[in-house]
Amino acid sequence: MKQFSQKHLLGIKEISTEDIQLVFETADNFKSIINRPIKKVPSMRDVTVANVFFENSTRTRISFELAQKRLSADIINFAASSSSVSKGETLIDTVKNILAMKVDMVVMRHPAPGACVFLAKHIDATIINAGDGTHEHPTQALLDAYSIREKLGSIKGKKIVIVGDIAHSRVALSNILCLKKLGAEVMVCGPNTLIPKYIASLGVKVETDLMKALNWCDVANMLRIQLERQEQNNFPSLREYSMLYGLNEERLHLLNKEIVIMHPGPINRGVEITSAVADSKHSIILDQVENGVAVRMAVMYLLAGKQA
Ligand code: CP
């Protein structure tokens with residue numbers, strides 16, 4: 001039987017192409033299971049998972065929790081805002097206290113890049129990174145790539161543009177690493193102020209003209225401007241950003257082809273994408289959310305098997 005190569009899922013950087021393919025094959029099975037009338041399997045019975053979120057989340061937190069319930073895991077949910085973190089407790093003390101209650105796996109979101117790597121060095125449980133600051137969001141990249149594979153049949157050779165706030169986006173970095181490992185051509189597009197200089201060293205094309213990027217691609221993944229992470233004014237206003245980089249129906253009509261539209265959420269409707277495009281037949285945004293449950297089931301199932 002094939003096995004995941006790592007004890008943790010800290011980032012896409014740490015896993016192999018074979019690991020990614022194994023997640024996809026396992027997710028295919030779970031996707032068919034969760035579309036049956038009886039959606040629950042006993043695969044993680046007796047495994048206890050703590051969902052530790054130091055940052056807000058809707059999709060990722062709910063998706064992980066649902067995936068754990070479908071796998072019959074025992075779950076503890078921890079939100080920093082209502083915990084003793086507000087009294088000054090450190091990350092390690094918080095997690096060590098949770099682990100003292102015999103927790104096997106920790107799914108963590110944290111605003112500090114590298115927080116999951118740090119934790120993995122100090123505690124024994126399996127760690128899954130649910131987004132660490134501007135660094136990585138590996139399960140988002142896996143579900144995004146899985147959704148492209150489902151829609152287009154394969155990823156190798158496909159042209160994917162990631163548009164927007166590349167500089168502050170963990171989704172962008174994890175997507176680039178994942179898509180490149182799977183043989184896609186990747187481009188980033190946005191204002192120069194939101195594209196870090198190092199990005200070309202990852203083997204991606206860089207484009208500042210949205211129409212050129214859209215004409216080039218098979219898939220456009222539109223990112224939110226991360227207003228909470230801007231340390232300076234990187235563009236004059238959201239209105240101006242939207243005029244230059246917002247995806248709307250007019251821009252899609254100017255293309256001589258159909259492209260697939262993606263967005264990791266949360267969407268700022270009317271800024272990076274209009275409602276008409278987000279809700280159009282070209283959009284696979286809700287497929288991404290649906291696939292997130294099967295992909296996260298696959299990741300946790302494979303990592304739990306690694307513990308045995
Ligand atoms: N895509 C994503 O990570 O969304 P949340 O912040 O709602 O989890």
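Is Asp46 buried or exposed? Asp46 is exposed, as its relative accessible area is 66% (exposed is over 50%, buried under 20% and partly exposed in between, with a 1.4 Å probe and protein chains only). The structure is a predicted model, in which local features need pLDDT of at least 70, side-chain atom pairs count only at pLDDT 80 or more, and totals for chains, interfaces and linings use all residues. Residues are numbered from 1 along each chain as its sequence is written, and side-chain values use heavy atoms, with hydrogens and water left out.

Asp46 is placed in the loop between helix 1 and strand 1 (48-53); helices (H or I, at least four residues) and strands (E, at least two) are DSSP runs numbered from the N terminus. The phi angle of Asp46 is positive, about 75°, although the residue is not a glycine. Lys102, also not a glycine, has a positive phi of about 65°. The loop that holds Lys102 runs between helix 3 (91-99) and strand 3 (105-110), and Lys102 counts as exposed at 67% relative accessibility. A further exposed loop residue is Asn192, with 58% relative accessibility, in the loop between strand 6 (185-189) and strand 7 (205-207).

His8 belongs to the segment before helix 1. With a relative accessible area of 14%, His8 is buried. The side chain of His8 reaches the backbone nitrogen of Ile127 at 2.9 Å, a polar contact (a pair of N or O atoms within 3.5 Å; within protein, one must be able to donate a hydrogen and the other to accept it, and residues adjacent in sequence count only if both atoms are side-chain atoms). Apart from neighbours within four places in sequence, the contacts of His8 (heavy atoms within 4.5 Å) are with Ala120, Ala125, Thr126, Ile127 and Leu303.

The ligand has Ser57, Thr58, Arg59, Thr60, Arg109, His137, Gln140, Pro264 and Gly265 around it, where a residue is near a molecule or strand if one of its heavy atoms lies within 4 Å of it.

Gly265, one of the residues around the ligand, is joined to Pro266 by a cis peptide bond with omega near -10°. Pro266 lies in the loop between strand 9 and helix 10. His263 is found in the loop between strand 9 (260-262) and helix 10 (275-278). His263 is buried, with a relative accessible area of 1%, and a polar atom of its side chain is 3.4 Å from the backbone oxygen of Met222. Beyond four places in sequence, His263 is in contact with Asn221, Met222, Leu223, Arg224, Glu272, Ile273, Ile285 and Gln288.

Met222 is also among the residues that Leu247 touches, together with Leu214, Leu252, Ile261, Glu272, Ile273, Thr274 and Val277, when residues up to four places away in sequence are not counted. Leu247 is buried, with a relative accessible area of 0%, and lies in the loop between helix 8 (238-245) and helix 9 (249-253). The C-alpha atoms of Leu247 and Pro191 are separated by 14 Å, at a sequence separation of 56 residues.

A search of the whole structure gives 5 aromatic pairs, defined for rings of Phe, Tyr and Trp (its six-membered ring) with centres within 6.5 Å; planes under 30 degrees apart count as stacked, over 60 as edge-to-face and the rest as tilted. Phe24 and Tyr146 form an edge-to-face pair, because their ring centres are 5.6 Å apart and their planes lie at 70°. This pair links distant parts of the chain, with Phe24 in helix 1 (residues 17-34) and Tyr146 in helix 5 (residues 138-152), 122 residues apart. Both Phe24 and Tyr146 are buried. Elsewhere, ring pairs link Phe235, Tyr241 and Tyr245 into a cluster. The charged end of Arg296 sits over the ring of Phe64, 5.0 Å from its centre (NZ of Lys or CZ of Arg within 6 Å of the ring centre and within 35 degrees of the ring normal).
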